[in-house]
Amino acid sequence: MEIIGDYEYNSANRLGLGAFAIVFKGRSRKKPDMDVAVKTIMKKNIPKTQSLLKKEIDILRKLTVLQHDNVVHLLECLDTDDAFHLVMEYCNGGDLQDYLNVKGCLSEDTIQIFLRQLAGAMYEFNKQGILHRDLKPQNILLKFSGETRYPEPNQITLKIADFGFARCLDEGVMAATMCGSPMYMVN
């Protein structure tokens, strides 16, 4: 068991793997029934991009203060000798890509439910001057109550995650940098 501050996780409980980070399912040591996601970013993997990580953390902190239902909340950021650990809200339903793989074509009613949630989060991003810049099904997590793998769509809360490419824009400034996942980029 790995212990990070008031949290712990087993490295066998990996939730995801990205270019710079590994995400594990963990829990609070003070409240053992409280599950969390621990995003671990090894410092040796990001020597030139620590400023980008700082931006991601700043944006997550800014959005967490808003307590928007459709944005993953940052609970704590811990800095150890060899890694940064972002302790975040745990989403028990996997990601939207997994959901689409299982469900296939979605009904119009389901799409409306999901788009309302995403639009609400995007509206909040816009008010805060935040661009996500990597919005894709793998970065939209699902959260719901109960044990059912996929409950009714109106019982699912979508949570936008992974702000690694996100940035804040000042008033009147345009973003000119091309970034994101190539498979999801359009001209």
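Student: Leaving aside its neighbours within four places in sequence, which residues is F163 in contact with?
Tutor: Keep in mind that this is a predicted model. Beyond those neighbours, F163 contacts E56, I59, L60, L63, V71, F125 and H132.

Student: And which residues touch the most other members of the largest nonpolar core?
Tutor: F163 again, together with Y99; that core has 33 residues. Its largest share, five residues, is from α1. Other elements supplying at least two residues each include α2 (96-103), α3 (108-128) and β6 (83-89).

Student: Which domains does this core draw on?
Tutor: At least three residues come from domain 1 (2-89), and at least three from domain 2 (94-184). Apart from this core there's another one, of eight residues, with I4, Y7, F24 and V87 among them.

Student: Switching to strands: why is β4 largely enclosed by the rest of the structure?
Tutor: Because six of the eight residues in β4 (residues 35-42) are buried.

Student: What does β4 pair with, then?
Tutor: β3 (residues 21-28) runs antiparallel to β4, with seven bridges joining them, and a hairpin of six residues links the two. K25 sits opposite A37 there. β4 also pairs with β6, antiparallel again, over seven bridges. In that pairing, V38 has V87 as its bridge partner, and V87 belongs to the eight-residue core.

Student: Last one: what caps the N-terminal end of α2?
Tutor: D95 does, with a side-chain oxygen 2.9 Å from the backbone nitrogen of Q97. Just after α2 comes G104, with a positive phi of about 70 degrees.

Note on methods. Residues are numbered from 1 along each chain as its sequence is written. This is a predicted model: local features need pLDDT of at least 70, side-chain atom pairs count only at pLDDT 80 or more; totals for chains, interfaces and linings use all residues. Side-chain values use heavy atoms; hydrogens and water are left out. A nonpolar core is a set of buried Ala, Val, Leu, Ile, Met, Phe, Trp, Tyr and Cys residues joined through side-chain atoms within 4.5 Å. Buried means under 20% relative accessible area, exposed over 50%, partly exposed in between (1.4 Å probe, protein chains only). Helices (H or I, at least four residues) and strands (E, at least two) are DSSP runs, numbered from the N terminus. Domain bounds come from an automatic or database domain assignment. Contact means heavy atoms within 4.5 Å. A polar contact is a pair of N or O atoms within 3.5 Å; within protein, one must be able to donate a hydrogen and the other to accept it, and residues adjacent in sequence count only if both atoms are side-chain atoms. Two strands pair if DSSP finds at least two bridges between them.
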